[in-house]
Amino acid sequence: MGSVNRRRFFQRAGLAGAAGGAALVGGKKLVSAESEHQRAGKVIVAQGARAAHGSAHGGQGAVGTVDHERNGFHPLEVLTDFDYGEVSKDVAGRTVRDYEFVVANKEIEIAPGVFFPAWTYNGRVPGPSIRAIEGDRIRVRLVNTTEHKHTIHFHGIHPANMDGIPGVGEVGPGETFVYDFIAEPFGTHLYHCHSHPLAQHIQRGLYGAFIIDPKKGRPPANEMVLVMNAFDTNFDGANEVYAANTVAFAYVNDPIPIRKGELQRMHVINVTEFDPLNSIHLHANFFNVFRTGTSLEPSEFTDILSFVQAERHMVEFTYQEEGLFMFHAHQTEFVDLGWMSFFEVS
Ligand SMILES: [Cu+2]
């Protein structure tokens, strides 16, 4: 699907400033955002009706709002809700973190009126942000409630039998498996399903952050997880919707609140299928880059960073002025199709 067709899709779907219309998602015809909201008896927030908002953000974003409650997760919460697991000690005195990940099919709203038949870990996209300290023992019990085989493949160092690939820790419908390994090395990592066909299992939503902190810690900061993802809503092998943490333009409607002068630490992870590159660019600021989060000292000071699929980096920055500051992919098409965000510094 070329960019022209993607534009048409978005016009039909009521995004990018166009009026609501019908969209084909997952092979079924969906009603427009407008009629959906009318049916639900809700007030339609049209572009013109939120003129102040629109002008503040240069008119970027989508017409209408996403029902985050229905999705069961909010992008603002996804940013900061690290999951430390159920913590105990094993006989050797090592910290053990137990998790249960249930794979379930779930329709999620990825842009106003645009629904996507996602495959989820614990009902959210991205899945829970696992967080541990290097040397901790991680035990993740995978429960598969779907009709397809799935795995969890962790990026990190672990034995072959814990790799989560077809034939090794892959679970069929109704089955379970426990991944059990030591968290190493410290850094910004990810996990994702590794069943075949791989692109399908990833782009459906089976991925998440896996953050391992260094034993000696890092300076205090406001920490956030930002998963750059995209959705092929008509299953033609190209993306129609782009986002940071799943919902297109989520942080345009709800800018990320941060404090002036406070160190911000963002774990940025690219899981975008079908496009070879994604990127992040901060406005009116520069950031320190800790590649893959595996060092304590930054290696670069820049305002743009590119990522191939599964590439992830930790970035640190501080805003010294109050106001709204844009950040987004620097692929213009991705911006127009949802990967646009704001910080609100106060
Ligand atoms: Cu899968």
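Visitor: How many bridges join strand S7 to S12, and which way do the two run?
Guide: Strand S7 (residues 129–133) is joined to S12 by 4 bridges, and the two run parallel. Strands are DSSP runs of E, at least two residues long, numbered from the N terminus. They pair if DSSP finds at least two bridges between them.

Visitor: What kind of model is this?
Guide: This is a predicted model, where local features need pLDDT of at least 70, side-chain atom pairs count only at pLDDT 80 or more, and totals for chains, interfaces and linings use all residues. Residues are numbered from 1 along each chain as its sequence is written.

Visitor: What is the mean pLDDT?
Guide: The protein chain averages 87, and 83% of its residues reach 70 or more. pLDDT is the predictor's confidence in each residue, from 0 to 100.

Visitor: Where does pLDDT stay under 50?
Guide: Over residues 1–5, with 4 contacts beyond four places in sequence. Also over residues 7–14, with 26 such contacts. A contact means C-beta atoms, placed from the backbone, within 7 Å. Where pLDDT is low, the predicted coordinates should not be read in detail.

Visitor: Back to S12. Which residue is the partner of Ala132 there?
Guide: Ile212 is the bridge partner of Ala132. S12 also pairs with strand S11 (residues 187–192), antiparallel, over 6 bridges. Phe210 in S12 stands opposite His189.

Visitor: Is S12 mostly covered or uncovered?
Guide: Mostly covered. Of the 7 residues in S12 (residues 207–213), 6 are buried. Buried means 20 or more other C-beta atoms within 10 Å of the residue's own; exposed means 12 or fewer, and partly exposed is in between, with C-beta atoms placed from the backbone.

Visitor: And S17? Which residues are on its covered face?
Guide: Asn278, Ile280 and Leu282. Ser279 and His281 make the uncovered face of S17 (residues 278–282). In a regular strand the side chains alternate between the two faces of the sheet.

Visitor: Which strands does S17 pair with?
Guide: S20 (residues 304–307) is one, antiparallel over 4 bridges. There, Asn278 has Phe307 as its bridge partner. S22 (residues 323–328) is another, antiparallel over 2 bridges. Leu282 stands opposite Phe327 in S22.

Visitor: New topic. Which residues touch the most other members of the largest nonpolar core?
Guide: Ile110, Val241, Tyr242, Ala243 and Ala248, out of 82 residues. Strand S13 (residues 222–231) gives the largest share of this core, 7 residues. Such a core is a set of buried Ala, Val, Leu, Ile, Met, Phe, Trp, Tyr and Cys residues joined through C-beta atoms within 7 Å.

Visitor: What is Tyr242 in contact with?
Guide: Leaving aside neighbours within four places in sequence, Tyr242 contacts Ala230, Ala248, Ala329, Phe334, Leu337, Gly338 and Trp339.

Key. Two residues are in contact if their C-beta atoms, placed from the backbone, lie within 7 Å.
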